[in-house]
Amino acid sequence: MLSAVLKTNWARLAMASASLCAALSAEAAELRVLTDRTDDGPIRAVLEAFEKESGAQVKVVFIDQGLLARMSSRPSEADVVITLEVGLLEQAKRRGLLSPMSPKALQAVPPEFRDPDGTYFVDAYRARAIIASRSRVAPDAIQSYEDLAKPQWKGKLCIRSGLHDYNIALFDQFIASWGEDKARAVIGGMAANLARAPKGNDREQAAGIAQGVCDLALINSYYYPKMLASPAQKPWADAIQVIFPDQSGRGTFIMRSGVAITKVASNRELAERLAAFLVTPKVQASMVERTPQYSVLPSVPAHPSMIAVGKGQGLKDGRFKIQWVDLGRMASSREAAIKIVNEVGFDKGPAS
Ligand SMILES: [Fe+2]
């Protein structure tokens, strides 16, 4: 009797252990992704393509903002993190939330787009570009970020909040590249030239130019092709010229998207496969077509609209000269950038 009970119990245990093993192996083929990229953008299609190729199941959490806070409060939520702003990955690295990738996972990424320790890499980038009215601003009147601070443009500048990640990422680079004094003078000069209190998103600044509210603004370069493709926003795109700043000087500042693997990733091999998949020529080409950012692969051409914009400025293949700012130095400038934005009263708008 006892032996029968024992046998039954052993059989139960064996069954339980078999189903636990099955559950574990099913779990091993699952990859958890955390991203602040938009749910309706191309990332979902890319992840679905990866599922097909790898046979793995990808579970993705989309969040709008607060990626770093989310990673800090739930450090075991994700295996792979995909972000719009790679500076956040540098911050996450400093908090010990990430772990380096193997050289194999990184081999397709040009060295300038890799973290020196291999903890994250850039998979796409865009210019933080100047836009100017086609009808009211002469083609060569604005050539640099510093020009936006000149008194002749008083009351002419539209921009979103100085505290938004896109502007903070730009101002970080001002500080890292020029030093705090010059950065403060340019940010303060821009604040003094505002046409209205900062509001709205990047595209709404182009709308401001189209509506005659202002003559100049700053936007990420990919919004230009996006506006051109939208019947409602095409008039905004038609009203502006897109300028890559400082092409005869040190180059244009960029915003970088990035990818990293967390410290807790349970299936590192699969996580690295996804990371490498994101920089395959096929995925990069579809990203350029759909986002439309610039590929980190020299072999993948820029978006046709950006090639046309570059041509107007004498640039070849739509590629522009980049002003490189080390991400470590950029991250160290973040607090100073926020402080300057507050001190110059950037978001208060023009003084009456
Ligand atoms: Fe954006």
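Visitor: What helices and strands does the chain have, and how many of each?
Guide: The chain has 15 helices and 9 strands. Helices (H or I, at least four residues) and strands (E, at least two) are DSSP runs, numbered from the N terminus.

Visitor: Where does the model come from?
Guide: This is a predicted model: local features need pLDDT of at least 70, side-chain atom pairs count only at pLDDT 80 or more, and totals for chains, interfaces and linings use all residues. Residues are numbered from 1 along each chain as its sequence is written.

Visitor: What box do the C-alpha atoms of the chain fill?
Guide: Roughly 95 × 40 × 35 Å, taken along the principal axes.

Visitor: And how many of the 352 residues count as buried?
Guide: 44% of them do. A residue is buried if 20 or more other C-beta atoms lie within 10 Å of its own, exposed if 12 or fewer, and partly exposed in between, with C-beta atoms placed from the backbone.

Visitor: Let's pick a helix. What length should α7 have?
Guide: Helix α7 covers residues 180-192, and at 1.5 Å a residue its 13 residues should span 18 Å. The expected span is 1.5 Å times one less than the number of residues. The end C-alpha atoms of α7 are 18 Å apart, which agrees.

Visitor: Which residues of α7 are buried?
Guide: Ala-183, Arg-184, Val-186, Ile-187, Met-190 and Ala-191. What covers them includes β5 (157-158), α6 (165-178) and α15 (334-343).

Visitor: Why would residues three or four places apart point the same way?
Guide: An α-helix has 3.6 residues a turn, so residues with that spacing do point the same way.

Visitor: OK, how do α6 and α7 cross?
Guide: Their axes come within 7 Å and cross at roughly 140°. Axes are lines fitted to C-alpha atoms, for helices over the stretch in contact, and angles run from 0 to 180 degrees between N-to-C directions. α6 and α7 are therefore oblique to each other. For the wording, angles under 35 degrees count as roughly parallel, over 145 as roughly antiparallel, 65 to 115 as roughly perpendicular and the rest as oblique.

Visitor: Which residues make that contact?
Guide: Phe-171, Phe-174, Ile-175 and Trp-178 of α6, with Glu-180, Lys-182, Ala-183, Val-186 and Ile-187 of α7. Two residues are in contact if their C-beta atoms, placed from the backbone, lie within 7 Å.

Visitor: What about α7 and α15?
Guide: They pack at an angle of about 40°, with their axes 10 Å apart. On the α7 side are Glu-180, Ala-183, Arg-184 and Ile-187, which meet Ala-336, Ile-340 and Val-341 in α15.

Visitor: And how do α6 and α15 cross?
Guide: Here the axes come within 8 Å and the angle is roughly 105°. α6 and α15 are therefore roughly perpendicular to each other.

Visitor: Switching topic: is Gly-66 buried or exposed?
Guide: Gly-66 counts as exposed, because it has 12 C-beta neighbours inside 10 Å. Gly-66 sits in the loop between β2 (57-62) and α3 (67-73).

Visitor: How about Pro-103, buried or exposed?
Guide: Pro-103 is exposed, with 9 other C-beta atoms within 10 Å. Pro-103 belongs to helix α5 (residues 103-106).

Visitor: Last one: what separates Pro-103 from Gly-188?
Guide: Along the chain they are 85 residues apart, and their C-alpha atoms are separated by 43 Å.
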